[in-house]
Amino acid sequence: MSPTSARDEILARVRAATADVTAPVGDRGATPVVEVASPGAHETVELFAENVADYRAVVVRVPAAEVGAAVARALRDAGCRSVAVPDGLDAAWVAALTQGMPDATDATADGSHRLRVVRESDATTAQALDEIDGVVTASAVGVATTGTIVLDHGPDQGRRALTLVPDVHVCVVRADQVVHDVPEAVARLRPGASPRPLTWVSGPSATSDIELQRVEGVHGPRTLVVVVAE
């Protein structure tokens, strides 16, 4: 069957299925919307953490004042020796990555290596990013029902390549950024937003395209750590 005949057959089936629909589009009434309300802010954050973990991401929940220490610990637990940070990332978080480290290339007393912190403006090529183990970003929105993090690539999230090339992504989500469902997330992202690309992240990068064997880290970070600041 040629592509043209296949297209004609599909359109013919669509026309046949909608033959009894005579009302114009504008006269069909409001579009049905199924809304499931969250029972409360606390329950929404709990659901978000549960669904993020279900995607094989690591979830760390800490008070807002402890975010920097949690980020540094997550990077070291993941074996990172270098980390990229957006130029607009919270200064306290960046300071925590090198606190007490006069030389970020020296080994620590226990034999582990200190983190080398690279600013986004100093990693402008894919080759430079490929040499960096991890990345730390903030986020725009977290979606509880799907366990999804949305990045709008503002100053504290960096350009898109920054979160796609390094093997480890540590992402900070404030509790007040977590919404219940996707329509609520879209509504929060849309008003007054500048035209930036959006990246929707649901767990570490993975695919099962080949023989249904799950492979992680194919088109993004192999490891995702979500720090929920409460």
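Visitor: Hello! What is the relative accessibility of Val182?

Guide: Welcome! This is a predicted model, in which local features need pLDDT of at least 70 and side-chain atom pairs count only at pLDDT 80 or more, while totals for chains, interfaces and linings use all residues. Residues are numbered from 1 along each chain as its sequence is written, and side-chain values use heavy atoms, without hydrogens and water. Val182 counts as partly exposed, a class between buried (under 20% relative accessible area) and exposed (over 50%), with a 1.4 Å probe and protein chains only; the value for Val182 is 33%.

Visitor: Which helix holds Val182?

Guide: Helices are DSSP runs of H or I with at least four residues, strands are E runs of at least two, and both are numbered from the N terminus. Val182 lies within residues 182-189, which form helix α6.

Visitor: Which strands stand at the edges of the open sheet?

Guide: The sheet has 6 strands in the order β1-β12-β7-β4-β2-β3, paired in parallel (a pair needs at least two DSSP bridges). An edge strand has a single partner, so one side is left without a neighbour in the sheet. The strands in that position are β1 (58-62) and β3 (116-119).

Visitor: Which residue of β3 is the bridge partner of Ala84?

Guide: Strand β2 covers residues 82-85 and runs parallel to β3. The two strands are joined by 4 bridges. For Ala84, the partner in β3 is Val118.

Visitor: At about what angle does helix α4 run to β3?

Guide: Helix α4 covers residues 91-98 and lies across β2, β3 and β7. Angles, from 0 to 180 degrees, compare the N-to-C directions of axes fitted to C-alpha atoms, for helices over the stretch in contact (heavy atoms within 4.5 Å). Between α4 and β3 the angle is about 150°.

Visitor: How many residues apart in sequence are Glu230 and Arg61?

Guide: Their side chains meet in a salt bridge at 2.9 Å, N to O; the term asks for a Lys or Arg side-chain nitrogen within 4 Å of an Asp or Glu carboxyl oxygen. Both residues are partly exposed, Glu230 at 44% and Arg61 at 32%. Arg61 is in strand β1 and Glu230 in the segment after β12, so the pair ties together parts whose separation in residues is 169.

Visitor: Is Glu120 buried or exposed?

Guide: Glu120 forms a salt bridge with Arg159 at 3.5 Å, N to O. Arg159 is partly exposed, at 28%. Because the relative accessible area of Glu120 is 13%, this residue is buried.
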